[in-house]
Amino acid sequence: KGKEQILILSQKYCIGAIHFFSGLLTRWQTSAPAIRTPSSSNSFSQNIPSSLWKLGRLNHVAIAVPDLEKAQSLYKDVLGAQVSETVALPEHGVYIVFVELGNTKLELLHPLGEKSPIASFLQKNKTGGMHHICIEVDDIKAAMTELKKKKIRILSEEPKIGAHGKPVIFLHPKDCHGVLVELEQA
Ligand SMILES: C[C@@H](C(=O)O)C(=O)SCCNC(=O)CCNC(=O)[C@H](O)C(C)(C)COP(=O)(O)OP(=O)(O)OC[C@H]1O[C@@H](n2cnc3c(N)ncnc32)[C@H](O)[C@@H]1OP(=O)(O)O
């Protein structure tokens, strides 16, 4: 009789455990966001609305620095990268130095002139910091038209000619999750 009781008790325990875990599973299925494994999705190609313009490669990551020579020397002498000469771009209010990385570049930025757009950034970030990313686009005018419709603020009425002699625009960091985004005509 003792054995029978143990059997009954363990059956009850098993049934209880099954209910508990199936309850958990149901809650998890209804509340958890869908997680896709890399093999189960080609998430980069799905659900992208057809568009008149396309994003291309990462052209550069820009870093604002308080001392351009020191920053140049870090990348050249300490890290061994190929580093360009300093170029003044008065129409953008910056000096720039490019650091070649093979698959992309870094753009070291230093303020030029009293109205430099990076002056207040450097006041807030005294030792420097990542200032913007630049992504290539195949049609900057089409990009502007669509982004305006989507209420993304573009920081100039018209594209300016950027560091590579090509048209560029900047998108407000508050509309891009805290990152200042530059788009450059490829
Ligand atoms: C040569 C060319 C090229 O590569 O081709 C270049 O690089 S030219 C690179 C320089 N040119 C540019 O950056 C042009 C576009 N930039 C701009 O128009 C401006 O810098 C803005 C991005 C609008 C920021 O203007 P300003 O400094 O006067 O405003 P602000 O200090 O009140 O900033 C407003 C809010 O945005 C935030 N904020 C400012 N700059 C930011 C940045 N680089 N990344 C992320 N957030 C940033 C501030 O913390 C602040 O947030 P809180 O309110 O929360 O405190």
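**Ligand site at a glance**

The ligand takes up the space of the largest pocket (pockets are found on a 1 Å grid over the protein atoms alone, as open sets with protein on both sides within 12 Å along at least five of seven lines; a molecule sits in one if more than half of its atoms lie within 2 Å of its grid points). Keep in mind that this is a predicted model, where local features need pLDDT of at least 70, side-chain atom pairs count only at pLDDT 80 or more, and totals for chains, interfaces and linings use all residues. Residues are numbered from 1 along each chain as its sequence is written, and side-chain values use heavy atoms, with hydrogens and water left out.

**The shell**
- 21 residues surround the ligand, with Glu107, Ser120, His131, Lys174 and Glu182 the closest (near means a heavy atom within 4 Å).
- By class, that shell splits into 10 nonpolar, seven polar (Gly counts here) and four charged residues.
- Helix α3 gives the largest share, three residues (helices are DSSP runs of H or I, at least four residues; strands are E, at least two).

- Glu107 puts a side-chain N or O atom 2.8 Å from a ligand oxygen (polar contacts are N or O pairs within 3.5 Å).
- For His60, a polar side-chain atom lies 3.4 Å from an oxygen of the ligand.
- His131 uses a backbone N or O atom, 2.9 Å from a ligand nitrogen.

**More on His131**
- His131 sits in strand β6.
- His131 counts as buried because its relative accessibility is 12% (buried is under 20%, 1.4 Å probe, protein chains only).
- Its C-alpha atom is 6.8 Å from that of Leu180, 49 residues apart along the chain.

Technical notes: A polar contact is a pair of N or O atoms within 3.5 Å; within protein, one must be able to donate a hydrogen and the other to accept it, and residues adjacent in sequence count only if both atoms are side-chain atoms. On a 1 Å grid over the protein atoms alone, a cavity is a set of points where a 1.4 Å probe fits but cannot get out, and a pocket is an open set with protein on both sides within 12 Å along at least five of seven lines; lining residues have an atom within 4 Å of a point. Buried means under 20% relative accessible area, exposed over 50%, partly exposed in between (1.4 Å probe, protein chains only).
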